[in-house]
Amino acid sequence: MRAVVYRGINDLRLETVPVPRIGADELLVKVAVCGVCPTDIKKIHYGTVPPPRIFGHETAGTIVKIGGGKNGGASVPASRFRVGDRVALHHHVPCLKCHECRHASFAQCETYKRTGITAGFEPAGGGYAEYVRVMDFVLPGVVKIPARNSFEEGAMLEPVNTVLKAVKRLNLLRGDNVLVAGQGPIGLMFTKILQLRGVNVLATDLLESRLKLAKKFGAKWVGQASRLSLNEKKIKNEDRRDACPASLDAAIVAVPSDDAVAQALRLVRGGGQVLLFAHTKRASSFSLSARRTGGEGRGEVEAFNLDLSSICLDEKDLIGSYSSDFTLQAEVARLVFSRRLDVRPLITHRFPLEETSEAVHLASNPKPDSLKIVVAADVSPL
Ligand SMILES: [Zn+2]
Ligand SMILES: [Zn+2]
């Protein structure tokens with residue numbers, strides 16, 4: 001079969017590899033579509049994991065084979081499925097028994113950290129290939145896609161899950177006011193999910209086109225990220241009815257920008273929360289003191305002070321959220337498949353498997369009209 005193999009930094013190659021063999025209680029799934037996710041892009045750009053690997057973990061497709069059960073027939077989880085089922089996959093599933101799981105820190109569970117879907121080599125998701133093997137321990141994460149919904153909608157369950165998980169980390173009440181910094185596909189999902197919960201969203205982004213979309217996704221107020229700092233005073237002094245309030249109950253930073261974090265910390269009220277969602281690159285430092293010099297010819301970057309008394313005295317929480325929460329899967333499926341959160345307008349570009357490099361390039365260099373990018377394989381029969 002064809003697969004896009006990661007061979008080193010920024011080196012993705014279309015290769016012919018064997019169709020994965022499945023074992024007892026495993027599934028073989030023909031990939032229909034796979035979302036391009038920033039966490040994979042980071043691995044491709046920075047080489048944070050050794051090659052070779054086949055990435056792609058926002059995968060939906062059709063079951064073409066079910067491994068026999070260890071004692072003959074399919075096991076209980078595998079027997080939920082039939083050949084021909086259209087399914088959305090989940091490459092990480094926690095054990096639900098360990099210490100971390102009992103604290104609901106699923107992303108820190110050792111079982112969760114194992115990747116249970118592969119198209120060959122060290123398991124890495126495998127969605128940029130024609131077929132993937134779904135191992136037994138991630139079967140509980142496989143969700144059937146209703147007939148009226150598309151594979152693309154199925155492929156969005158994983159990112160939506162990560163967003164819903166993060167929202168649940170915030171102590172929000174109806175009528176609260178929340179900043180969502182960054183209105184890419186993830187930021188727009190935040191905006192919509194918060195709006196569905198009766199929260200007023202202030203959405204910011206650098207791109208005017210995304211602010212327009214943010215309105216459509218339910219943002220009450222929108223602001224240019226670059227200008228927001230200048231407007232902070234204005235926001236603070238607004239007393240018109242329906243104006244964005246002086247201080248916010250929470251802020252979600254869905255862009256990997258330290259300045260956005262500093263701004264978020266300034267804008268939330270005492271006792272409010274700032275949630276980091278996009279600071280996934282290790283050693284990205286939160287500058288505690290004066291100035292830092294930016295690399296890559298960016299010159300000196302204006303740094304900010306994190307006044308730790310804002311955490312202690314003002315009781316502002318600085319929290320993070322990473323990856324998905326398996327226990328939310330049913331709620332996420334209802335949200336997406338009912339189209340209360342309609343993910344279809346988020347998918348703007350579709351690339352064939354052989355153009356996965358181009359897909360990754362566009363996803364890492366977004367254009368005004370690009371949001372979620374997916375790779376769709378035109379799969380040859382087995
Ligand atoms: Zn993802
Ligand atoms: Zn666990």
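L27 stands opposite V134 in strand 7. That strand covers residues 131-134, and four bridges join it to strand 3 in the antiparallel sense. Helices here are DSSP runs of H or I with at least four residues, strands are runs of E with at least two, and both are numbered from the N terminus. Two strands are said to pair if DSSP finds at least two bridges between them.

Before I continue, please note that this is a predicted model, in which local features need pLDDT of at least 70, side-chain atom pairs count only at pLDDT 80 or more, and totals for chains, interfaces and linings use all residues. Residues are numbered from 1 along each chain as its sequence is written, while chains are lettered from A and ligands numbered from 1 in the order in which they are written.

Let me stay with strand 3, residues 27-35. Strand 4, residues 58-66, runs antiparallel to strand 3 and is joined to it by eight bridges; within strand 4, A60 is the bridge partner of V33. Strand 18, residues 372-376, is also antiparallel to strand 3, with two bridges, and there C34 stands opposite V375. How enclosed is strand 3 by the rest of the structure? Eight of its nine residues are buried, so the strand is largely enclosed. By buried I mean that 20 or more other C-beta atoms lie within 10 Å of the residue's own; exposed means 12 or fewer, partly exposed lies in between, and C-beta atoms are placed from the backbone.

D40 counts as buried because it has 23 C-beta neighbours inside 10 Å. Leaving aside neighbours within four places in sequence, D40 is in contact with F55, G56 and H57, contact meaning that the C-beta atoms, placed from the backbone, lie within 7 Å. The C-alpha atoms of D40 and G56 are separated by 7.0 Å, although the two residues are 16 apart along the chain.

Strands 10 and 11, residues 200-205 and 221-224, pair in the parallel sense over four bridges. Between them the chain passes through helix 7, residues 208-216, in a right-handed β-α-β crossover: with the strands pointing away from the viewer, the path from the first strand over the helix to the second runs clockwise.

Finally, helix 11, residues 329-337, has buried residues including V332, L335 and F337. The buried residues of this helix pack against strand 8, helix 4 and helix 5. Just after helix 11, R339 takes a positive phi of about 65 degrees.

Terms used. Two residues are in contact if their C-beta atoms, placed from the backbone, lie within 7 Å.
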